[in-house]
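The following exercises concern the contacts and segments of a model. Please work through each task before reading its solution.

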Amino acid sequence: MTTTDARARRYDDDLPAGHHPSRLSRTLVWTGLVLFLIYSIAPVWFLIVSATKSQRDLYTTNGLWFADFHLFDNTRDLFTYHDGIFLRWLANTLVYGVAGTVGMTVLCVACGYALAMYQFRGRGILMGCIIASFLIPGALLTIPSFLLYTRLHIVDTPWAIIVPHFFSAFSVYLAKVYAEGAIPPELLEAARVDGAGEYRAFFTIGARLMTTGSATIFLLGFVGSWNSFFGPLVFLRGEQKWTVMLGLYSWLNIKMDRSVDLTGLVIVGAIVSLIPIVALMLSMQRYWRSGITLGSLK
Amino acid sequence: MSLDLKQNPLAPPAAEQSGAVDAPGRRWRRTVELKGASFTVPFFAGFVVFTVVPVIMALSKSLYSSKSSGLGFGEKTVSFSGFENFDRALHDVKFWGSLWRVALFAIVVIPLIQATSLALALLLDSVRRRVAGKLRIAMLVPYMSPGIVATLIWIYLYSPAVGPLTPFFKLFGINANFYSSELIWVSVGNLMAWGSIGFNMLIVYGALQAVPRDIFDSARVDGASEWRIAWSIKVPYVRRSLVLVSVLGIIGTLQIFSEPLLFRSMTPETVTKDFTPIMTIYNQAFAVGDFNYAAALSIVLALVVGLVSATFYKLTNRAPR
């Protein structure tokens, strides 16, 4: 096959389903897309611009364009306010996220692997539990969970955030689907013939073949933990243990209670908490995109 | 070895070597399955503690009431009260008011969000894939933003003091107060749309990519216009995905909490403390301190959510196509 052929074919593949569109419908298509693009991006643009302004300029200048550049002053204010409590919140969020998600990934990948690769008795019931738990609204769980954690003496400790995060039914489901796709049963059988035990087979074959799936599960779990709000709001009391999202909410409220205005800090704080998560998701797009489409189409 | 595997991949090696006899092979197989099952033990142990136990606790808590003897002084006594809490919940005007408020909101906002997501997915499907890929990333930025940050952004955009939206609408002679009781649902709805259209569009677009391309060619040969192809072929194909994202939307919207809570910081007169069902439950549990009643309300809400999503699913999936 010559290179021109190859190029022509690739060009053809790249073409959308509907070719020969009229000029009018092309214009309409592009108008729609550009309008929505602006709608998606403009609010984030506003946040970025606002983060560079001094508190006074926030109220007096056009929100969509820059005024005097105060980003570095604002960032310094953010990290020094109240003895650097914001840094503490960032660290908490990171620790809760990493600890909770690492544990979750290990447990859920192992469980999903077993559900996919073994035909033990009761497997159907366990799968049924997983699917049924998708239908339990979070609302039902929060109040009794609070009472349970009170009894376990983990309310107002990091454990109330970290440990429950381990047991994600959705992650088990994803892990099962990934294992079915990634691990040929013959390979495990061959390992057994060669004398490998089941645990060794999991660590040397199963877990390795599921690296991509595990990465997806970790990523989705970490993002979920970073963004979570209701859990920390209910289970954490002392501000030294708060997460970033909870801290930002408390700053938003301060404006109401006292006459201090923390608007500038909330805006810079919002962007500082936004950047790592957007950067993470952009760099690992391949993983979470496959994860959410897999989870929704199967 | 590979030959053996092809013949009977499930036969244990012991049985293969010894010839016939099933018993040791079966025992060996059972050990393997038991070891396999042991992988699920850690997860399901935690699952029982953190999911099953809370559900049971909710059910049992809701059957008890705690009453303080006398004038609110003295010890609170907890006693079995049967369905008293549920009876109270069924007649709780504020709770049902908040539920209707949210349901009405869902009825308006979810179809709008789904229609926009579908339209957008179809638009993306009609440009070159590589361009579509780049546009899609940009359109997913709202989805990547944490919900609280998204809410904060819009709170400030709506704010008459800081945001550019109020002066923008003034240019057209419209005096819009986004925090007023008339506009608050428009404001929250727009915020939800901003955060969820990208995700829904991604799901629908994914389903569109799975449609076999030669169908379009045959339709074109038969003289169908692009609009006709979109409406009669593409839309029916993505129906299941649309139903799925709608169900997720219903479940999420009925349980909406953090968005109105943040709006409450700005406008406590409009967004009352029992504005949505979850806010009512939260308020009952942590402000009033009546966990038993809050548990009963949670169960009622869970039933409503389950019933609504099941009905919706049934209705939309009844007639194929």
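**Exercise 1.** How many residues does the contact take from chain B, and how many from chain A?

*Solution.* The model is a predicted one. Step 1: residues count as in contact if their C-beta atoms, placed from the backbone, lie within 7 Å. Step 2: chain B gives 83 residues to the contact, and chain A gives 83 residues. Step 3: on the side of chain B that touches chain A, helix α4 (residues 41–61) of chain B supplies the largest share, 13 residues. Step 4: by class, this side of chain B comprises 58 nonpolar, 16 polar and 9 charged residues.

**Exercise 2.** Describe the domains of chain A and the contact that joins them.

*Solution.* Step 1: the domain assignment divides chain A into domain 1 (23–68) and domain 2 (79–293). Step 2: their C-alpha centres lie 32 Å apart. Step 3: the contact takes 6 residues from domain 1 of chain A and 7 residues from domain 2 of chain A. Step 4: on the domain 1 side, α2 (23–51) and α3 (55–60) of chain A each give two or more residues, and α2(A) has the largest share with 4 residues. Step 5: that side holds 4 nonpolar, 2 polar and no charged residues.

How values were computed
Residues numbered from 1 in each chain as written. Chains lettered and ligands numbered in written order. Predicted model: local features only at pLDDT ≥ 70, side-chain atom pairs only at ≥ 80, totals over all residues. Domains from an automatic or database assignment. Contact = placed C-beta atoms within 7 Å. Nonpolar A, V, L, I, M, F, W, Y, C, P; charged D, E, K, R; others polar.
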